[in-house]
Amino acid sequence: MADASEKPLGLHNVVSVSMGLIVSMSCLVSLGQGAGESGLMFIPAMLIALLLNICSAACMAELNALMPNATGGLVQYTLAGLGPLPTLVTMVGGYLICNILCGGVEAAIFGSVMVETIPLAIPAAVYPTIVSIIVAVAALKGVDIFAKLQDFVSCLLLFSMIALGLIGAFQLGTGAVVDQPAALTTDAASVVSAVGVASWLFVGAEYAIPISKDVRNANRNIPLGMMISLALICVMDSLVVLGFWHYVPWGELAESASPHLLYGESLLGNVGKIWMSVVSALAFIGSQNSTVNGLSQICDGMTKVNMMPRFFSRKNRYGAPAVAILFVTISICLIAYFSGDSSDAISFLILVVTVLWLVSYIFADIDVLVLRRRFPKAPRAFKVPGGPVIPVIGIAGTVFMIANISSDPAEAVAIWVLAAVIFLALSVYSFFWIKYKMRMPVFKPVPIPEVLAMENDLYYEIRHRRGIWR
């Protein structure tokens, strides 16, 4: 194992990777539409969602401290805590499917934004394809290049969003100031109903965990970096909501398919629209970069426990999982190409993906409680304080966010039903894969030493030669 001083990544890299996936095109849409429905009361909803997501991020950090250098992160944690079936269902549904789907839709929306901004006869699919190729090349060059690109993009994105928010909050824009109420509602029930939408603004900080093996002082920098990124995003989004209040009518904001572009143009005219288009490009580059690298590492980790075909673990001379990187990139580009302009359905898709992702957070919180009970004396360089309080709050809070995923009862039911169908289908698939491909008990947890041994390629080879794993 490399000495800590030789590891290329530090705290700022953890912050930029965490922010890279969270601040995406879909988050910009959710921010505008959530504010358009609640006004400034969307800020307290964001604060509640922030606190609940901090609980889950802290639990992820403890799991990482218990099982450092686990390539697949939540794959290995859940395998040790709850067994193969919950692991496969959670990872395929909560990460692979929802992230590739979301990445494809965001790529399509990015293409539409570029077509609207740049007056050239270039097909919309060309723009996300070019970005995806650049990101894939950076990822194939290894973790250091990936981190440098993420640092650059995240800094520009953070400063741009804060600047646009401050200009609007202090009424310094060139556009006309709108006279409208600060809040559309002030009752607690309305704030509660907005928490589900606000939760999407903070999911994804744990994508820093798969790179923890390359982070100096990971036991401190991983949890601290995730917390810093979540706090920065909350401050940034709150400033933008204040800017919305002064320059965009709430009703127009709620109905817009591209509320961030609407805000930029209302704030600074054509300059603001172009500036916000640059922000959109940065958001897409950052989220694509984190998605491609995070998912490829997760795919690599899943191959080590025989939950994905073995060829996904093939690496190039830079140590990057090349096949997994290309698979994720091509999948996102194909979804973007065939989906076209998906802006009409973007809100519904975001909420469905949010439910899938939040379920994986519930499993992570449960993993903490289960592994504490089964291995109370196992060394943990970082442990969530307060005993079971924070994991239990995380579980209850995540269930709360899922229950309040939409203020429209009919839409909420449709979201729950679709998510349930996806998880049911994955459960059936996972049962047969585990029983006949992996040849393992479906619900029996795997001991931590064995899970960590799976990081070694010899583990797979030995089981394959013995005919245990096919």
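This is a predicted model: local features need pLDDT of at least 70, side-chain atom pairs count only at pLDDT 80 or more; totals for chains, interfaces and linings use all residues.
Residues are numbered from 1 along each chain as its sequence is written, and side-chain values use heavy atoms, leaving out hydrogens and water.

**First stop**

Select residues 42–66 for helix 3 and 188–199 for helix 8. Helices here are DSSP runs (H or I, at least four residues), numbered from the N terminus. Their axes come within 8 Å and cross at roughly 60°; axes are lines fitted to C-alpha atoms over the stretch in contact, with angles from 0 to 180 degrees between N-to-C directions.

Now show the side chains in contact (heavy atoms within 4.5 Å). On helix 3, pick Phe-42, Pro-44, Ala-45, Met-46, Ile-48, Ala-49 and Asn-53; on helix 8, Val-191, Ala-194, Val-195, Val-197, Ala-198 and Ser-199. That set splits into eleven nonpolar, two polar and no charged residues. Nonpolar covers Ala, Val, Leu, Ile, Met, Phe, Trp, Tyr, Cys and Pro; charged covers Asp, Glu, Lys and Arg; the others, Gly among them, are polar.

**Second stop**

Move on to helix 2 (residues 25–38) and helix 9 (residues 218–247), which pack at about 50° with axes 10 Å apart. This pair is therefore oblique as well. Zoom in on Leu-31, Gly-32 and Ala-35 of helix 2, which meet Asp-237, Val-240, Val-241 and Phe-244 of helix 9. Here you'll find five nonpolar residues, one polar and one charged.

Definitions and conventions. Helices (H or I, at least four residues) and strands (E, at least two) are DSSP runs, numbered from the N terminus. Angles under 35 degrees count as roughly parallel, over 145 as roughly antiparallel, 65 to 115 as roughly perpendicular and the rest as oblique.
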